[in-house]
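Colleague: I have a model open and want to learn how to read it. Can we take it feature by feature?

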Amino acid sequence: MENKLTVENTFTLVAKTLPGFEQLLADELQALGAENINVLHRAVSFDADKALMYKANYCLRTALRILKPVQTFVARNELMLYKKIFEIKWHEIFGIEETFAIDAVVSGNYFTHSQYAALKVKDAIADEFRNKYGARPSVDVENPDLRINIHIENEKVTLSFDSSGESLHKRGYRKAVDKAPINEVLAAGLIKLTGWNYDRNFVDCMCGSATIPIEAAMAAMNIPAGYFRESYGFMKWHDFDEKLWKEIVAEADEKIRDFDYEIFASDHSAKAVQIAQSNIKGAHLSHDITLSQQDMFEMTPPEAPGILLINPPYGERLEEKDIVNLYKNIGNALKHKFKGYDAWVISSNLEVLKLIGLKPSKKIEVYNGSLDCRFVKFEIFDGKYKDMKSQRVNESISGDASIIPIKN
């Protein structure tokens, strides 16, 4: 399908993402054919048409939402905000029988409470309808017909329509979760950060709900991120083009491919493996991911070379002695069982990361929710291993010089 952007049908979109993933998202957008790509803070703006908006929602792995800015104005107080919103002819945008919801993000000195800003916007929209019809549409925060995004930075207000609806991390395949499940967008971004080119086996031996191996399989097989989703916000817009949407989906699905290597998932917990099995089945990947219940410290991993990516407990639910032993055992397992692997570990516990006892070749600053984490790479070379001096290991983990920081 031809997707050449023209001036007549082009508009600006903003794709939201996690901190540190902006360039990953920009690269994805470039591969989709987006133009005028600009990296922002936790977001990437780009030029698109309706077809590319649909494609971005369906295909992007590191995007959380795709917003369509519709108006920008200045407001220094709640009255100015209310008046600007009230002046918009909302009754021409959606019907009184339809529902809406407001998401607000504020920063700066003029507005300090996002919920209050959202309330004023809601009131202005409701009053515009009431002024026109004597009645107002209802709010539905779960599944609105129109989700409206308000972004206020100091006095600059950007009003956008959310084309995604629910966050794009909700892929649709996850039927159940174990404790502290990793976000699907975070998992997809971590996989991209490893540089894995689908040219060797992939292993997650602390798989929990299996989000990481499922995202790895979908990426390796080029299964669109939204393959299992049933709805998007733009489907309720009055200009939704169902024929175009079906063409976009068909075009993307035609590019699904086979994967020549294997993906292995395991966990020591029987409950986690049961949940993982349900999710893998929900993603139709039971024949593509080898799942087993076994302990990382007792397993025999697939023959090298390979990629290992694990998200071990950070210590919030473990006693200090247990978390210390856990990371020491991870280090021992890497040294003795995963020779020839590139091993990646994400953790917010920088102190126990040192206990792995290997010198990292790369450290990347990422966030898991609100937790400041390090995504650390260990190259496990073949041959005999020598114990690292503790000072050298400590410096390699805690020193800032080699950390790849989040760009603000």
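Modeller: Start with the sheet. Two strands count as paired if DSSP finds at least two bridges between them. Keep in mind that this is a predicted model.

Colleague: In what order do the strands of the open sheet run?

Modeller: Strands pair through backbone hydrogen bonds, either parallel or antiparallel. Here eight strands form an open sheet, ordered β2-β3-β1-β4-β8-β7-β5-β6, with mixed pairing. β2 and β6 (138-139) stand at the edges with a single partner strand each, so one side of each has no neighbour in the sheet.

Colleague: In which sense do β2 and β3 pair?

Modeller: Antiparallel, over three bridges. Look for Val-39, which stands opposite Val-44 in β3. Then find α2, which packs on the sheet and touches β1, β3 and β4 (65-74). The direction of α2 makes about 145° with that of β3.

Colleague: Which strands does helix α3 lie across?

Modeller: α3 (residues 78-86) lies across β4, β7 (146-153) and β8 (156-162). It runs at about 110° to β4.

Colleague: Which residues of α1 are buried?

Modeller: Buried means under 20% relative accessible area. In α1 (residues 22-32), the buried residues include Leu-25, Ala-26 and Leu-29. Their cover includes β1 (11-16), β2 (35-39), β3 (43-48), α2 (50-59) and α5 (184-193). Gly-33 follows α1, with a positive phi near 100°.

Colleague: How many residues does the largest nonpolar core have?

Modeller: It has 67. Leu-190, Leu-285, Met-296, Leu-308 and Leu-334 have the most contacts inside it. Leu-334 touches Phe-378 and Ile-380, among others. A second, separate core of 55 residues includes Phe-46, Phe-94, Leu-168 and Ile-248.

Conventions. Residues numbered from 1 in each chain as written. Predicted model: local features only at pLDDT ≥ 70, side-chain atom pairs only at ≥ 80, totals over all residues. Heavy atoms only, no water. Buried < 20%, exposed > 50% of the residue type's maximum accessible area, 1.4 Å probe, protein only. Helix = DSSP H or I, 4+ residues; strand = E, 2+ residues; numbered from the N terminus. Contact = heavy atoms within 4.5 Å. Axes fitted to C-alpha atoms, helices over the stretch in contact; angles between N-to-C directions. Core = buried A, V, L, I, M, F, W, Y, C linked by side-chain atoms within 4.5 Å. Lists of a residue's contacts leave out its neighbours within four places in sequence.
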